[in-house]
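Please consider the model shown below together with its sequence. The report that comes after it is arranged by topic.

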Amino acid sequence: MHQEFHTQVVVIGSGPSGYSAAFRCADLGLKTILIERYDKLGGVCLNVGCIPSKALLHISKLIKEAQELHVTGVSFSDPLIDIEKIRCWKNSIIDKLSHGLSVMRKKRNIKIIQGFAIFNTEKSILVNNEQETVTVFFENAIIATGSTAIQMPSLPYENDNVWNSTDALLLKKIPDRFLIIGSGIIGLEMATIYSALGSKVDVIDRFTRFLPALDKDITDLYIKSINSRFNVMLNTHVSKVKISKNGLMTTIVKNNVDTISEFYDAILIAIGRTPNVKQIGLEKIGLKINNFGFIDVDQQLKTSIPHIYAIGDVTGPPMLAHKGTHEGHIAAEVISGKNHFFEPTCIPSVAYTDPEIAWVGLNETEAKEKNIDYEVSVFPWSASGRAIASNSSIGMTKLIFDRTTHRILGGSIIGTNAGELIGEVTLAIEMGCDAEDIALTIHAHPTLYESIGLSAEIFHGSVTDLLNVKSK
């Protein structure tokens with residue numbers, strides 16, 4: 001069976017980038033078709049990424065806080081973990097949000113076609129599924145096909161105990177010994193979850209630093225905080241994995257010299273993601289891909305073929321859902337005739353670990369590379385009344401200011417709810433605030449976000465909660 005449809009806009013992919021673009025197109029009065037290969041909207045983020053991981057991180061945070069509460073005189077027995085019930089609860093969250101997207105799609109009269117999309121010409125797409133073949137003729141197309149986990153070719157992926165992030169979030173089991181290869185955000189979040197659930201976790205990375213967008217004082221504090229829960233080994237790689245009936249015997253090389261063998265019940269590969277740009281026919285229509293495998297776009301998200309746009313992970317780092325969502329809005333608005341551009345001053349990043357780490361704007365290394373005369377202002381959470389009262393004193397708020405103009409350039413926060421707190425810093429950078437703007441804004445006390453105002457006061461020279469090194 002073959003069908004044909006004509007539309008003003010076709011969007012390929014229904015992750016945060018894709019559905020945001022499609023919904024915005026419809027709201028702007030454009031006839032829109034959404035193509036999705038899976039039977040649920042939401043893409044990796046909703047179904048097997050951001051949302052399920054945050055649900056499990058919530059559980060892990062409560063387990064850790066309950067264990068730590070004994071110092072206050074309140075004690076709990078060891079948690080009873082029903083993995084099947086946790087899995088059902090996690091899936092119910094996904095189903096609720098996915099259903100909400102489906103309802104919003106229907107109310108916007110966006111047609112959805114399920115199947116694999118491939119460009120047939122610069123003005124048409126062929127969609128194949130098990131029941132039918134569909135040709136969609138379009139005036140404009142938006143590519144939002146997302147990304148896939150990078151594989152390590154030397155590892156036995158056919159074994160059920162070698163996982164990618166999707167497998168890890170399925171909660172197949174809680175391994176006694178768990179190896180995570182990759183110390184990026186995904187690897188550290190999975191280490192947080194599984195260590196709380198009872199696994200003995202090792203995280204390894206072949207590089208000498210993890211989360212390179214962060215300054216060393218932030219990462220040092222993180223390592224200090226998690227050392228008792230799981231182990232992070234840098235400059236380390238796996239040279240061999242031997243499958244046995246009891247699990248995976250793994251040969252690990254540390255510092256390119258020391259070789260050790262360890263037995264693991266499961267191994268997670270979390271070494272990054274690669275864009276989904278193959279097998280959608282881009283070469284057939286001559287759409288350009290850069291040397292890193294991403295689709296080049298301009299500030300209006302136009303590709304080398306002007307009526308075809310690309311958004312989200314396929315356009316390159318940072319590969320973040322919130323970046324893709326904003327790109328989707330801009331692409332839709334440009335198609336509708338608005339002269340809009342995607343030109344953010346900064347994009348925040350968050351590792352939803354425990355403690356959380358959030359950062360935005362320039363770090364110290366970048367400021368030095370740009371030859372900026374900067375000054376760092378750090379407020380330690382060990383001096384925060386709210387942090388101490390909440391058993392969250394391991395943390396810091398670090399702001400970077402231009403020494404001459406006093407304008408805020410960047411910020412990093414490590415500690416409870418850092419992902420929420422970074423919002424004020426992001427807005428301050430976007431608004432071009434200087435230290436005085438932040439310091440003279442009254443922050444509620446006692447709060448964790450108060451640490452942002454206090455960091456600005458340190459630079460401003462008006463802080464009283466710490467010794468004022470700038471006092472006369």
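## Model and domains

The model is predicted. Its chain is divided into domain 1 (3-149 + 274-336), domain 2 (162-271) and domain 3 (348-460).

Between the C-alpha centres of domain 1 and domain 3 the distance is 31 Å. Contact between these two domains involves 7 residues of domain 1 and 6 residues of domain 3.

## Strand S22 and its partners

Strand S22 (residues 408-415) is largely enclosed by the rest of the structure, because 8 of its 8 residues are buried. Strand S19 (residues 356-361) pairs with S22 in the antiparallel sense, over 6 bridges. Within this pairing, Gly411 in S22 is the bridge partner of Val360.

Strand S21 (residues 396-402) also runs antiparallel to S22, and 6 bridges join the two. Here Ile413 of S22 stands opposite Thr397. The hairpin of S21 and S22 has 5 residues between the strands, and in this hairpin His406 takes a positive phi near 70°.

## Salt bridges

The structure holds 19 salt bridges. One of them joins the side chains of Asp27 and Arg108, at 2.9 Å from N to O. This pair links distant parts of the chain, 81 residues apart: Asp27 belongs to helix H1 (residues 16-27), whereas Arg108 lies in the loop between H4 and strand S3 (111-114). Both residues are partly exposed, Asp27 with a relative accessible area of 46% and Arg108 with 27%.

A salt bridge is also formed by Lys64 and Asp354, whose closest N and O atoms are 3.6 Å apart. Lys64 lies in helix H3 and Asp354 in the loop between strand S18 (349-351) and S19, so the pair ties together parts that are 290 residues apart in sequence. Both Lys64 and Asp354 are buried. Within helix H4, the side chains of Glu84 and Arg87 meet in a salt bridge of 2.2 Å, N to O. Glu84 and Arg87 are separated by about one helical turn, because they are 3 residues apart in the helix. Glu84 is partly exposed, at 42% relative accessible area, while Arg87 counts as buried at 19%. Elsewhere, a network of salt bridges links Asp215, Asp217, Glu364 and Lys398.

## A nonpolar surface patch

Leu69, Val74 and Phe76 make a nonpolar surface patch of about 260 Å². Of these residues, Val74 is located in the loop between helix H3 (50-68) and helix H4 (83-107). Val74 counts as partly exposed because its relative accessibility is 38%.

Notes. Residues are numbered from 1 along each chain as its sequence is written. This is a predicted model: local features need pLDDT of at least 70, side-chain atom pairs count only at pLDDT 80 or more; totals for chains, interfaces and linings use all residues. Side-chain values use heavy atoms; hydrogens and water are left out. Patches are made of residues with over 30% relative accessible area and no salt bridge: like charges are joined within 9 Å, nonpolar side chains (Val, Leu, Ile, Met, Phe, Trp, Tyr) within 5 Å. Accessible areas come from the Shrake-Rupley method with a 1.4 Å probe; for residues, only the protein chains shown count as cover. A salt bridge is a side-chain nitrogen of Lys or Arg within 4 Å of a carboxyl oxygen of Asp or Glu. Helices (H or I, at least four residues) and strands (E, at least two) are DSSP runs, numbered from the N terminus. Buried means under 20% relative accessible area, exposed over 50%, partly exposed in between (1.4 Å probe, protein chains only). Two strands pair if DSSP finds at least two bridges between them. Domain bounds come from an automatic or database domain assignment. Contact means heavy atoms within 4.5 Å.
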